[in-house]
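Please keep the sequence and the structure open beside it while reading.

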Amino acid sequence: MNPLLEKAKNIRALIIDIDGVLTDGYLNYNADGVASLRFHIRDGLGLVLLQNSGVPVAVITTANRDIIDKRLSDLNIQHYYKAYRNKILAFEKLREKLNLEPEQFAYIGDDLPDIAVMQQVGFSIAVGDANNAVREIADWTTEANGGAGAVREACDLIMQAQGTLETALTRFKTDAYEK
């Protein structure tokens, strides 16, 4: 088996960052000073499919914005650690909660605050436009940039390695998809 797929096969939980990973990294402010973010719909579906295949998703982010709370609620993400400057602390809480070993986690990051956790997990993933230091330590770099399908790429790879991708896709190719 391909070494990349071998790493992905052993993943029991996926951790993602938000800014620059689930979004494109831009903050847009309106005239009232209210920030908005863009989320890629395919990334969201990938996270839902991965969770439905039995791999829980967690978010560890330094950000603390209501719009992120809303998006993660829409995606039914149960493990959410916001406003964590030290992401290792959140990672340790998550490990304890899920009762998993570090090598059973994958982490998708894009910038310097992600490096400490990426060095602890079994499968570290950098988005295509990640900072050079992040790409250097990552096991794999996606083709897509953050907020532009990178998370979906990673979800699909994990499901492919675990033999659940075809089941997820078949659901959409048949009438079995719920209306």
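1. Overall make-up. The protein has 8 helices and 8 strands, where helices (H or I, at least four residues) and strands (E, at least two) are DSSP runs numbered from the N terminus. Its radius of gyration, taken over C-alpha atoms, is 16 Å, close to the 16 Å that the globule rule (2.2 Å times the number of residues to the power 0.38) gives for 179 residues, so the protein is as compact as a globular protein of that length. Along the principal axes, the C-alpha atoms fill a box of roughly 45 × 40 × 30 Å.

2. How to read the values. This is a predicted model, in which local features need pLDDT of at least 70 and side-chain atom pairs count only at pLDDT 80 or more, while totals for chains, interfaces and linings use all residues. Residues are numbered from 1 along each chain as its sequence is written, and side-chain values use heavy atoms, with hydrogens and water left out.

3. The sheet. An open sheet is formed by 6 strands in the order E5-E4-E1-E6-E7-E8, and the pairing is parallel; two strands pair if DSSP finds at least two bridges between them. Strand E5 (79-81) and strand E8 (140-141) stand at the edges with a single partner strand each, so one side of each is left without a neighbour in the sheet. E8 pairs with E7 in the parallel sense over 2 bridges, and there Trp-140 of E8 stands opposite Ile-125.

4. Strand E6. Which strands does E6 join through 4 bridges? Strand E1 (residues 13-16) is joined to E6 by 4 bridges and runs parallel to it, and strand E7 (residues 123-126) is likewise joined to E6 by 4 bridges, again parallel. Tyr-107 stands opposite Ile-15 and also opposite Ser-124 in E7. In E6 (residues 105-109), 5 of the 5 residues are buried (under 20% relative accessible area, with a 1.4 Å probe and protein chains only; exposed means over 50%, partly exposed in between), so the strand is largely enclosed by the rest of the structure. Phe-105, Tyr-107 and Gly-109 are buried on one side, and Ala-106 and Ile-108 on the other.

5. The nonpolar core. A nonpolar core is a set of buried Ala, Val, Leu, Ile, Met, Phe, Trp, Tyr and Cys residues joined through side-chain atoms within 4.5 Å. The largest one has 57 residues, and those with the most contacts inside it are Leu-14, Leu-47 and Ile-108. Helix H7 (residues 150-162) gives the most to this core, with 8 residues. Not counting residues up to four places away in sequence, Leu-14 touches several residues, including Leu-47, Ile-108, Cys-155 and Ile-158; contact means heavy atoms within 4.5 Å.

6. Is Arg-152 buried or exposed? Arg-152, found in helix H7, counts as buried, at 16% relative accessibility. Leaving aside neighbours within four places in sequence, Arg-152 is in contact with Arg-42, Asp-43, Leu-45, Gly-46 and Leu-49. Ala-126 lies in strand E7 and, at 0% relative accessibility, counts as buried. With its neighbours within four places in sequence left aside, the contacts of Ala-126 include Gly-109, Met-118 and Trp-140.

7. The protein as a whole. Of the 179 residues, 45% count as buried. Residues 24 or more positions apart account for 51% of the contacts with a separation of 6 or more.
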